[in-house]
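Visitor: I would like a walk through this model. Please keep to what can be computed from it.

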Amino acid sequence: MEKRYNTLNNYYRKIFGQKIFKLPIDAGFDCPNRDGTVAHGGCTFCTVSGSGDAIVAPELPIREQFYKEIDFMHRKWPEVNKYLVYFQNFTNTHDKVEVIRERYEQAINESGVVGINIGTRPDCLPDETLAYLAELSDRMHVTLELGLQTTYEKTSALINRAHSYQLYVDTVKRVRELAPKVEIVSHLINGLPGETHEMMVENVRRCVTDNDINGIKLHLLHLMTNTRMQRDYHEGRLQLLS
């Protein structure tokens with residue numbers, strides 16, 4: 001069925017000529033609004049284990065995680081032989097560039113790897129890290145999955161995002177200047193507390209028209225157990241979508 005938008009699956013098929021696997025990896029990074037760099041406690045929707053709940057074996061070394069994920073995916077699609085390494089959990093540029101390089105290189109040189117996707121935040125991309133990503137983009141397909149979640153400062157403060165929309169805008173411009181071949185996919189969450197349908201549409205409009213990005217990943221908000229947002233909801237401080 002023809003869609004009115006370009007799906008990720010179709011996009012990657014056009015680039016790589018076949019279906020590929022996106023393999024989520026936990027590289028052991030932390031997050032700047034968990035460890036006190038910019039804030040404590042993390043985003044109110046995030047669990048203590050971060051966003052890597054679907055990773056098969058996050059406790060294993062990076063290279064072993066890579067092959068565990070391939071084995072898991074091959075149960076359904078045994079014919080696929082091209083892979084994107086997805087450094088997913090927490091903020092995967094939140095360290096010195098030497099550490100980042102050492103962890104990435106444990107997986108991206110494996111057979112069949114055609115690219116890397118990097119989950120991160122706009123406040124964790126210094127110039128030296130972007131220089132390394134520019135170097136990587138000469139070797140393979142590189143995508144920054146840039147967490148934004150909302151363009152509204154009131155919502156951002158409510159969920160303890162700990163960075164502004166303007167910082168995101170400035171970071172996109174810096175990526176375009178310093179690592180022009182790196183693709184940017186922005187993450188937004190639909191259903192954040194207090195945001196109306198019109199605000200959710202405006203979040204997308206701002207991302208697309210105000211910034212030179214390649215795609216948007218839309219998450220639907222759900223309450224995770226033992227999170228600040230879940231406690232606020234059960235104690236009557238938040239009202240979510242019906």
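**Pocket, helix and loop**

Guide: α1 (8-16), β4 (141-149), β5 (183-190) and β6 (215-220) each give at least two residues to the lining of the second largest pocket. Helices (H or I, at least four residues) and strands (E, at least two) are DSSP runs, numbered from the N terminus. The model is predicted, so local features need pLDDT of at least 70 and side-chain atom pairs pLDDT 80 or more, while totals for chains, interfaces and linings use all residues. Residues are numbered from 1 along each chain as its sequence is written, and side-chain values use heavy atoms, without hydrogens and water.

Visitor: Which residues of α3 are buried?

Guide: Buried means under 20% relative accessible area (1.4 Å probe, protein chains only). Seen down the axis of α3, the buried residues fall within an arc of 135°, so they line one face of the helix; the arc is that of the directions from the helix axis to the C-beta atoms. They are Val97, Ile100, Arg103, Tyr104, Ala107 and Ile108.

Visitor: What covers the buried residues of α3?

Guide: Contact means heavy atoms within 4.5 Å. The cover includes α2 (62-74), β2 (83-87), β3 (113-120) and α4 (127-137).

Visitor: Ile159 is in contact with which residues, leaving aside its neighbours within four places in sequence?

Guide: Ile159 sits in the loop between α5 (153-158) and α6 (165-178). Its relative accessible area is 0%, so Ile159 counts as buried. With those neighbours left aside, its contacts are Gly42, Cys43, Thr44, Phe45, Gln149, Leu192 and Met229.

Note on methods. Buried means under 20% relative accessible area, exposed over 50%, partly exposed in between (1.4 Å probe, protein chains only).
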